[in-house]
Amino acid sequence: MSSGRRTGLPSVDATKPIVLVVAGHLTPADVPRFYEELYERLDGELAARPDGFVATEVICEVGGLDRPNLAVVEVLARLQLDARRRGCRVRLRDAGRELRLLLDLVGLGGMVV
């Protein structure tokens with residue numbers, strides 16, 4: 001018999017993930033741009049939410065990458081490291097076969113959604 005009470009934590013508001021688009025042909029010079037965008041988005045969300053709840057997941061849309069290379073790996077590894085420092089995890093959406101193989105090779109295969 002149900003008591004009519006809801007389960008879970010009623011005071012916790014489920015937040016939407018932050019979505020970053022990683023597309024085109026990346027070079028090592030592009031690396032700082034992505035982690036700066038991540039910090040701006042996380043800081044902006046924190047400032048907009050007085051209750052202190054922020055996204056705990058960052059989704060990187062990678063379907064628009066021209067060709068995966070080591071600059072892409074560096075961008076994604078840096079995003080993952082910086083997001084973890086802020087209590088978030090990074091997951092990839094629409095990763096192609098070449099990117100998945102490259103990430104598996106360097107030990108980052110667990111990022112792919």
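Two strands count as paired if DSSP finds at least two bridges between them. On that basis this predicted model contains an open sheet of three strands in the order β1-β2-β3, with parallel pairing. The edge strands are β1, residues 18–21, and β3, residues 89–93, each of which pairs on one side only. From one strand to the next the twist averages 25 degrees.

Strand β2 covers residues 57–61 and is joined to β3 by five bridges, the two running parallel. Across from Ile 59 stands Arg 91 of β3. Helix α2, residues 70–85, packs on the sheet and touches β1, β2 and β3. The direction of α2 makes about 145 degrees with that of β3.

Asp 94 has a phi near 65 degrees, a positive value in a residue other than glycine. Is Asp 94 buried or exposed? The cut-off for exposed is over 50% relative accessible area, and Asp 94 counts as exposed because its relative accessibility is 52%.

In helix α3, Leu 99, Leu 102 and Leu 103 are buried. Seen down the axis of α3, the buried residues fall within an arc of 95 degrees, so they line one face of the helix. The buried residues of α3 pack against α2 and β3. On the other side of α3, Arg 97, Asp 104 and Leu 105 are exposed. Just after α3, Gly 107 takes a positive phi of about 85 degrees.

Key: Residues numbered from 1 in each chain as written. Predicted model: local features only at pLDDT ≥ 70, side-chain atom pairs only at ≥ 80, totals over all residues. Heavy atoms only, no water. Helix = DSSP H or I, 4+ residues; strand = E, 2+ residues; numbered from the N terminus. Axes fitted to C-alpha atoms, helices over the stretch in contact; angles between N-to-C directions. Contact = heavy atoms within 4.5 Å. Buried < 20%, exposed > 50% of the residue type's maximum accessible area, 1.4 Å probe, protein only. Arc of directions from axis to C-beta.
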